[in-house]
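Start with the surface, then move to the rings packed inside the fold.

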Amino acid sequence: SRNSKSLSAMVAAKKSINNSHTPSPLQQQVLARSPSISSNNSNHSTTSSSQAQFVISLDKTPQNLTPTQRLQLRKSQLNNSISKFKSDDTNISLPDEEIDVADVQFSMALFNAPLSQQFTSISHREKFLFDNTERKSSLTNSDSTRSSSILSQDSFNETSSSVSDYEDVSFAFYKSVNSSFSSLEFSSISRDAQELTLLFNKDESVQIAEESACRQQMLNSFRKVPSPQTSTASPNPLQSYSSSRPLARNHSVSRPQAPRQNLPPLPPSQSQVGRSSSVSKYYTFTRPTWLPPKSSYDKRKHQKESEDILLNAMKIEAEQSRKKLIQLQTIKKQKLKDLKVWEALTALPTMEDYEEKLSSVKSFDGMYWRGIPESVRGKVWWRNLNSKFKFYPNGKKDAHMNKFNVQFCEYYFQMYDSVVLPNVKQLEKLAREHNQMKVIVDQYEGHGVRTVKRSLYLDAKSAETKAAQKLKTLQNIHISDCNNMKLSTLKSLYDTITTDLLDVYPDLNHFQNFDIIQKLTKIITCFVLYLHQNSGSQDDNITKFYFAGLKNLVAVFQFNFKNTYKTFVTICQFFDDHIPSLLLNLRVLEDKAAQALLLDSFSNLYLNAFEQHFMKNLERLYIHFKVVHLKPIDYLPNLILGLFTDLLNFELSNHILDIYVFECGKFDEFVTRLILGFFTQIGHKLYGSRDEILKTLKGLDFKVDGNDDIYRYFNVGYEHDFIETIRSVKI
């Protein structure tokens, strides 16, 4: 009986040892000494490892608790442990071998794949300009030769050959910019990947998905436990600070130092190793590592709650992104249906049929608020503007009701082609000859006159003096056909326009084309001449009639009309309206009494109503503007004259003009909705000082310093969101 009892005790011990998950030290000794038990344990290793994840661990309860409190604590520990094994995504005890999907998406190295924008780049609405070769080649030229290089192929060849031996400052700067990491990274991928990168940068649905992925990655990064500072390596604060600072662009020459010998680090002591391994289990992302660790109960509770919060936030972000993409697809499908209606309207032969059909279309306002398809946009704009302004280019019915006709266009276009452009080219030719002779004289003087023939030096010096005299005489010539304006003034306007056109939607890679710049320069110059002559001003300062936003507005109309006559007529008609006309007169007039009268008229016409709507919709921002003494007349001209085309991207600018074409009869209400909707979207940027607000509203930070491959626009949300914000403004 005694042997049977001992045998049964050994069998029970074996069973208890085999079924246990974490054997005690005594059990480990038994396993090590007993071969039968070890072999049995190896056979059941798979079963025990699979069952290990279902073992419920309970912490020891404090001794100072009552039996009831201990029972409640045990129940709470059991519930928390059991909840971890539910089949959901809230289990936070993942094995080290498992990899999170978000980590795979953002941290794995993928070769020859399209580049993804960072979260800050998407939030700033940055556009890539890597493929805009025309703009880059123009940026390499100096200011004195930039306009001629843009608009004259012959002059570009002559200039490049004459100054090829001299290093240009702007070219050297561009080379340093082009050697940045982003340019090298873009050039390292294949051509297909480069094209996909640029397409993804312009596609709104891809931008929505990218932004959502970046937000989820940011939320997922909160779950990572920061690595603690160990006592074995206590870094020098000055050394860590200097290593974290970015490298300067211009490296200064440092003093030569003696080479340092890197000594091997001391091995950590046994106490340090034990301490680092024993305290690592107490680290959690819910508490900084330099603070005392939480208790096991608080650690698990807070970590579970934090995981639930982060998971819920990621689910909400994914759901919002999905809804935005569905909404975008719905709008695209509806625009395809609208396209058939637009094509039917533009196919009508007469204006009477067009106006009659237009009045019978149901929910027509929703069609143009959704946006007009690009394939019929130019035709729809021209048809509707004809209906509003009664412009008939062939001299048909009601042609007398509009002064902007073909004869009007021909007058200014002929003035530009026969007077302005030839004189400007002649002035550029003389300036180029003078620069060439000056370079030769400088070379002779630099090498020393004694080393060359004195006769050659005297001939070059005489030619340089004569060229300077001719240039000065031509600059002071007054052109009678252009209101006795100096040729130097026209040349200054010409150079300003051609230089500014380099920054007209540079991400589109269309408006920096040679032929397009020629057409845009012609239209803008003719319009400025028209404003100068129409104002009756005898002032020679014509550049004050050229303002920010004009180039972008002309570019959008020209892109859709594909016609210089229609573009010129439309831009003249736009600024012939009451509100833009008053703002232009306020801009160019210098007489204080006349300015006061115009300001009083503008207040009665628009300002008073605008301030009421401003206070009604955005009372807090309205009060802030009052506190910093910012008046509407200080910022409204820059916003209205360009109709936000110089502040927003090309697609959104087209969409705004889609609405303007049909809302131009109620221009005051439309522009009020546009301004207040714009303030609503960027309101967080408008609570600074007066100067900061004006700088923000002028969009002076669109160019990224030191990088000509990136251009920024205002982040007013995605296109459909911004349009809905405008439409929801209470008027």
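The protein exposes about 42,600 Å², by the Shrake-Rupley method with a 1.4 Å probe, where only the protein chains shown count as cover for residues. Carbon and sulfur atoms supply 53% of that area. This is a predicted model: local features need pLDDT of at least 70, side-chain atom pairs need 80 or more, and totals for chains, interfaces and linings use all residues. Residues are numbered from 1 along each chain as its sequence is written, and side-chain values use heavy atoms, without hydrogens or water.

Of the 731 residues, 38% count as buried (under 20% relative accessible area; exposed is over 50%, partly exposed in between; 1.4 Å probe, protein chains only). The protein has 34 helices and four strands. These are DSSP runs, numbered from the N terminus: H or I of at least four residues for helices, E of at least two for strands.

Now look at contacts, meaning heavy atoms within 4.5 Å. Among those between residues at least 6 apart in sequence, 73% join residues at least 24 apart.

Aromatic pairs number 44. Rings of Phe, Tyr and Trp (its six-membered ring) pair if their centres lie within 6.5 Å; planes under 30 degrees apart are stacked, over 60 edge-to-face, the rest tilted. One of the pairs is Phe364 with Phe662, edge-to-face at 5.1 Å centre to centre and 75 degrees between the planes. Phe364 lies in helix H19 (residues 364-370) and Phe662 in helix H31 (residues 650-663), so the pair ties together parts 298 residues apart in sequence. Phe364 is buried at 12% relative accessible area. Phe662 is buried too, at 11%.
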